[in-house]
Amino acid sequence: MKFFTLDLYHRFNSPDVDEAVRADADWEDAIVRYKNYLQTYRDELPPGAKKLAEEVNLHDAEVLGRDFEYLATGFLSSWVNVLPQPPVQIPYTIVSQMPAQLVIILRVADEINVILYSLWNGTEPKLCEDRPTPNRLYWLYDEIVPDQERPRHFWHSILFSDESTLEVPFIDCVYLKFDAERERKSKG
Amino acid sequence: MEGSAGCLHTAYSDGPRGRGPTEAWCNMSSANPPSAGAVQAQPLIYEASLGGQGAVVKGNQISQAQAESLRKQGKEVVVCGPDHKANLTLAKQIERNANGSDQLCGPHKNAGPHALPHCHPIGRHPAGHTFYETDKRKAV
């Protein structure tokens, strides 16, 4: 994370209220700096990444899965079972949109949100964590920035509630959401 | 705090994070009524709901005890006023009294221009938030 850093998040939560107020000003500054920086490469972003960068707010979404492989475990008519356990069922029409190598599945109220990434060749996502993942994990903040060396290669950095950071090297991504219950009823 | 009708006192919290002393505003309006035209610095608490573009919409004004009761039920409340520090302090106190812990989050970059920073319990249960106004961001 270059803008919404763990250190800034810690300062926002400082027991020293004066420090927390100063961190709020720095937070507002980070939002402005990120949005200004985003303007310099937004036209290079694939559509799914542009939507994530500019429109989607996944703050406090519950993380149902963040897996480094595409973990489809079987096709059940129009559904695909994806980890975690118990598996989340995602319509095949969604997962068929991209030969994804990384899937993140999130729940926001009754909606299931899915991010499918096509990764760079030979570069693994980096998960920085120093503690066991808790039973419930939430998405806090994220930012999408370009790689400094490779054109049209990007990083999606995500800070989670356990203070782990996932750095995803991607060339394309798809973001979709659906109401799981409604989909299930409509498909019978 | 010119014109303020409140006073700042320190209380010791015993929540799970053990942060020690916290400051809180108490109403001393009978002792020190604000002068006419003075800025009302004492935070006020309202029921809240979520509007479009991340806006936090003020409802009825409520007491701190009522706010803590609503937060126990997972409802939204918002602390409003011109003093950022006092708002933040009271929001943390409401959340901690209601749900035993407080975690602060700044507005997400895509939450919209009217989104407010907020407190919620560390485990995020019950749902909902105690929002608070800052120098730049206000409830509607």
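Start by selecting chain A and chain B together: 32 residues of chain A are in contact with 27 residues of chain B, where contact means heavy atoms within 4.5 Å. This is a predicted model, in which local features need pLDDT of at least 70 and side-chain atom pairs count only at pLDDT 80 or more, while totals for chains, interfaces and linings use all residues. Residues are numbered from 1 along each chain as its sequence is written, chains are lettered from A in the order in which they are written, and side-chain values use heavy atoms, with hydrogens and water left out.

Now colour the interface by atom type. The two chains bury about 2,400 Å² between them, 51% of it on carbon and sulfur atoms; buried area is the accessible area (1.4 Å probe) that two parts lose on being put together, summed over both.

Across the interface of chain A and chain B, the rule finds 4 salt bridges.

Then switch to cartoon on chain A. Helices (H or I, at least four residues) and strands (E, at least two) are DSSP runs, numbered from the N terminus. H2(A) gives the most to that side, with 10 residues.

Conventions: Salt bridge = Lys/Arg side-chain N within 4 Å of Asp/Glu carboxyl O.
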